[in-house]
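Student: I've got a two-chain model open and I'm a bit lost. Can you walk me through it?

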Amino acid sequence: MSDNLAQGIPVKKKTLQSRKIQRGFFIGLMLSVGIIQFLVFWVYVNFNSILMAFQLQTREGLIWTFENFSRFFHELSIADFELDLALKNTLLLFVVGTVIGLPTSLLFSYYLYKKILFSKFFRVIFFLPSIISAAVLVALFRYMLAVDGPVNAILSSISGKVVDIEWITDEAYSMGTILFYVFWTGFGSNIVLFTGAIHRIPQDVLEYARLDGVSMTRELLQIIVPLIWPTISTLLVFATAGLFTNSGPILLFTQGQHKTMTIGYFIFDQVQNNSYYYPAAIGLIFTAIGFPLVIIVKWLLGKILEDVEY
Amino acid sequence: MIKAFKKLTLAQKIVFTFVFILFSVYAISIIAPFVWAFLSSLKTDDEYYEKVFALPKQWLFSNYVTAFTEFKIKKTSMLGMIGNSLWLTFSGTFVAVMVSSATAYIVAKYPFWGTKIIYRVAIFTMIIPIVGNLPAMYKLVVADLQFNNPIGILALYAGGFGFNFIILHGFYRSVSWSYAEAGFVDGATDWKVYWRIILPQALPAIVSISILSCIGIWNDYMTPFLYLKDHPTLALGIYQFDIIQTYRSNVPIYYCAIIMSILPILILFCCFQETIMENTVAGGLKG
């Protein structure tokens, strides 16, 4: 393509050369901002992040050390530092958001596709939580769940007793409340992606199956799931990639208090307290776990079903 | 639709009815908090605490005026926050889309050895799960570059190889090259072809990723929280106002801010519903 202008047009050698220089200049300039940004904010940042994991700021200056790593494994065994809790909560967020959340979204999408009454309206409403700021959603959620708020008021009137549960500040409920929020607001974009994928399936395939009297369960599990497998596996790979990075809406809900710490928030919290080297080491450890995990998940998902083409 | 319903077997009818009830309950649970927030924004403070569910006695739209003077984070007023949000949303989107468009165009239409590498790297960086580079990022932006201001922060948005790149790359690859060729024959430079011939054709794609980008930045509270503490946006303000207020005075004002912050998004969504839903890509919105 780069020779387009030369084809069929008699040009003098000299102008052709200057044209080439001009073109090189154009390509370089167009790519420059993106590449510089990438080199600084991706390559340099990640490279420095690895270095920082092995560094420590002392009174004598910056030293090279494995201290950050031994500190992590030491603190992991002490319950007070809540690192084991953070790991557990991080995995819980993944289980609720992805392991339970994705199949539920798929089921929702299937019934929306089956043209349940008002399905268009439902699709739009279900999408709303994905375009409204989490800051707003959580604020509303917190006010609804306030001790003297609407949810407790409704529960009181149903049970006939005074209900004054502290949904967010009571350790017994706090993480459960956050997990519920993640589940409840997490459908939107998945539903849009799934319904889109189902609508792209050639409709005659589904039509034949229906004529053969295939039940709805079989239609969903044996026809639709294999046909939209690329969408499902992409979402799963991205969810796995975000497993340790995704801190959940912890900042908005509890700032890590009341037994709601996660790995992502722990790192964030350290940075807020001007500690940079220790969280960098924690990040490196979980990158080392997460990277093979993504590769394995990607390989497994490819094994279960081959990518389909239609 | 009702005809189709009659054709179903009894078991299917029961399932469909059950799912319909489930969907309705879920839909109500999404809409109700917003209706409640809107009604609360029109009450007096006492009314808000005394009668949680009652309609406001008088519909105090004046609360919205009060919000402009009373909803404050340190020195930044509501108007300031709206200004900060608008600046970040529009300039951030402009920078992000322009840079991605330039890189995507070159990689799609000027193939040479470098473009293949660029494309591979772009895909690779999207899947690799890097945990905890925040310390290094924070140190670079705040301590080394001192980009923690409304202008400098735009550098963070000027990435050319994310989801925007992938979408625009797909678009540019399929766009017809014959107009561009005609342009070259007429002696147009590469610049002219890009600005005058290619970009106008790409406008629909650019508009749709711009809308998604606008929604994302308008809603983002993390970036302002980390780097723009002195220039809070509306999303950050809503978070901080809740934290700062140890005693909750005049809560209705807070609901006014909430309603005002979602209004632009809702209007945008009503106008571009299909565009927004069709262009939702994995991870593209909540990123």
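**A walk through the model**

Tutor: Start with B:Ala108, which sits in helix 5 of chain B. Helices here are DSSP runs of H or I of at least four residues, and strands are E runs of at least two, numbered from the N terminus. This is a predicted model: local features need pLDDT of at least 70, side-chain atom pairs count only at pLDDT 80 or more, and totals for chains, interfaces and linings use all residues. Residues are numbered from 1 along each chain as its sequence is written, while chains are lettered from A and ligands numbered from 1 in the order in which they are written.

Student: OK. Is B:Ala108 buried or exposed?

Tutor: B:Ala108 is buried, because 20 other C-beta atoms lie within 10 Å. The cut-offs: buried is 20 or more other C-beta atoms within 10 Å of a residue's own, exposed is 12 or fewer, and partly exposed is in between, with C-beta atoms placed from the backbone.

Student: What does B:Ala108 touch?

Tutor: Leaving out residues up to four places away in sequence, B:Ala108 touches B:His169, B:Tyr172 and B:Arg173. Touching, or contact, means C-beta atoms, placed from the backbone, within 7 Å.

Student: Which residues are buried in helix 9 of chain B?

Tutor: B:His169 is one of them, and B:Tyr172 is too. The others include B:Phe163, B:Phe165 and B:Leu168. What covers the buried residues of helix 9 includes helix 5, helix 6 (113–127) and helix 11 (190–219) of chain B.

Student: What span should helix 9 of chain B have?

Tutor: Its 12 residues (163–174) should span 16 Å at 1.5 Å a residue, and the end C-alpha atoms are 17 Å apart, which agrees. The expected span is 1.5 Å times one less than the number of residues.

Student: What does A:Leu140 touch?

Tutor: A:Leu140 touches B:Pro33, B:Ala37 and B:Ile258, not counting residues up to four places away in sequence.

Student: Which domains does chain B have?

Tutor: Chain B has domain 1 (2–67) and domain 2 (73–278), with bounds from an automatic or database domain assignment. Their C-alpha centres lie 33 Å apart. In the contact, 11 residues of domain 1 of chain B meet 11 residues of domain 2 of chain B.

Student: Last one. What is the mean pLDDT of chain A?

Tutor: The mean is 88, and 94% of the residues of chain A reach 70 or more. Over residues 1–6 of chain A, the pLDDT is below 50. pLDDT is the predictor's confidence in each residue, from 0 to 100.

Methods: Two residues are in contact if their C-beta atoms, placed from the backbone, lie within 7 Å.
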